[in-house]
Structures are given as C-alpha cells and as structure tokens.
Amino acid sequence: MRTGRGADHSGASLVVVIEDNLLILQSLRMLLEGWGYAVVAAASGEEALALLGGCRRTPHVIVTDYRLPHGQTGLEAIRDIHDLYGVRIPAVVLTGETAPDRIADILRHGCRLLSKPVSASALREALAAT
C-alpha cells in the first residue's frame with residue numbers, strides 16, 4: 001500500500017490523487033484532507049483503480065500528474081477511471097510539460113491544466129471550478 005485512502009469523510013467530496021512522487025502525493029493528500037475532502041491517493045493509475053474497485057462513491061474530481069510509472073500518462077489513468085464508473089469525472093492534470101502538443105492534448109481531453117510547481121491557491125481554485 002502506498003498511501004491508500006485518507007480519513008473517512010463520508011459526506012465529503014471524493015478526490016482521487018495520482019502522483020508517483022510520494023512526497024508530493026502525501027502533501028497533496030494532507031492538503032486536500034485539510035480542506036475537508038475525502039481522498040484516495042495512489043502512486044499509479046493501476047493503484048488508483050485497485051483502491052477505487054471497492055469504493056461505492058463516484059469521485060468528484062481526479063487530480064493526476066501527467067507522467068506516471070510504466071510509461072502511463074495521467075490522461076490514460078483518467079480514461080480508465082471514467083471506464084470504471086461509466087461516467088465522465090472532471091479532472092485536473094498537473095505537469096511540468098511545456099511542449100505545445102502535450103499541453104494541447106491535455107486540453108483537448110477536457111482537463112484543467114496546472115503547471116508544476118502548483119500553488120495551493122491554484123489547486124483550490126481549480127477544484128472549486130469542477
């Protein structure tokens with residue numbers, strides 16, 4: 001287990017966070033839980049799917065890094081979570097990518113884009129807009 005599920009906030013909006021840098025992942029989880037969100041935190045898309053497999057709640061939003069382990073992208077992880085729930089879930093992609101084609105691809109998929117390093121206020125604003 002990496003970080004697993006956060007504290008039980010049964011009435012709180014559920015946020016899925018996928019980030020392979022464990023320090024960033026834990027920081028995001030703690031920040032989001034501090035804001036009152038329930039959090040499923042995973043270091044890969046596969047781990048997120050495994051943790052969500054037993055979850056009866058549909059996530060409110062997905063927050064994912066663009067580059068994930070094993071050559072997977074955050075866009076692929078988002079697609080897999082959409083497939084799991086059968087609905088489109090709003091998503092925020094965090095990236096240090098600056099290549100115009102990568103940025104265009106993220107936006108074409110209908111995701112919000114936040115450039116790393118991400119400030120707490122920018123993340124909070126992006127979540128509020130979902």
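This is a predicted model: local features need pLDDT of at least 70, side-chain atom pairs count only at pLDDT 80 or more; totals for chains, interfaces and linings use all residues.

User: Where is T64 found?
Analyst: T64 lies in strand 4, which covers residues 61-65.

User: Is T64 buried or exposed?
Analyst: T64 is buried, because its relative accessibility is 0%, and the cut-off for buried is under 20%.

User: And what does T64 touch?
Analyst: Leaving aside residues up to four places away in sequence, T64 touches I18, G74, I78, V92, V93 and L94. T64 and I18 are 46 residues apart in sequence, yet their C-alpha atoms are 4.5 Å apart in space.

User: Changing topic: where is the place of H82?
Analyst: H82 belongs to helix 3, residues 74-85. H82 has a relative accessible area of 12%, so it counts as buried.

User: Which residues does H82 touch?
Analyst: H82 is in contact with I62, V87, R88 and I89, not counting residues up to four places away in sequence.

User: How do the axes of helix 2 and helix 3 cross?
Analyst: The axes of helix 2 (residues 45-52) and helix 3 come within 9 Å and cross at roughly 20°. Angles under 35 degrees count as roughly parallel, and the two helices are therefore roughly parallel to each other. Their crossing is right-handed.

User: Which residues make the contact?
Analyst: Helix 2 contributes G45, A48, L49 and L52, while helix 3 contributes A77, D80, I81, L84 and Y85.

User: How many of those are nonpolar, polar or charged?
Analyst: The contact of helix 2 with helix 3 has 7 nonpolar residues, 1 polar and 1 charged.

How values were computed:
Residues are numbered from 1 along each chain as its sequence is written. Side-chain values use heavy atoms; hydrogens and water are left out. Helices (H or I, at least four residues) and strands (E, at least two) are DSSP runs, numbered from the N terminus. Buried means under 20% relative accessible area, exposed over 50%, partly exposed in between (1.4 Å probe, protein chains only). Contact means heavy atoms within 4.5 Å. Axes are lines fitted to C-alpha atoms, for helices over the stretch in contact, and angles run from 0 to 180 degrees between N-to-C directions. Angles under 35 degrees count as roughly parallel, over 145 as roughly antiparallel, 65 to 115 as roughly perpendicular and the rest as oblique. A crossing is left-handed if the near helix is turned anticlockwise from the far one by less than a right angle, and right-handed if clockwise. Ala, Val, Leu, Ile, Met, Phe, Trp, Tyr, Cys and Pro count as nonpolar, Asp, Glu, Lys and Arg as charged, and the others, Gly among them, as polar.
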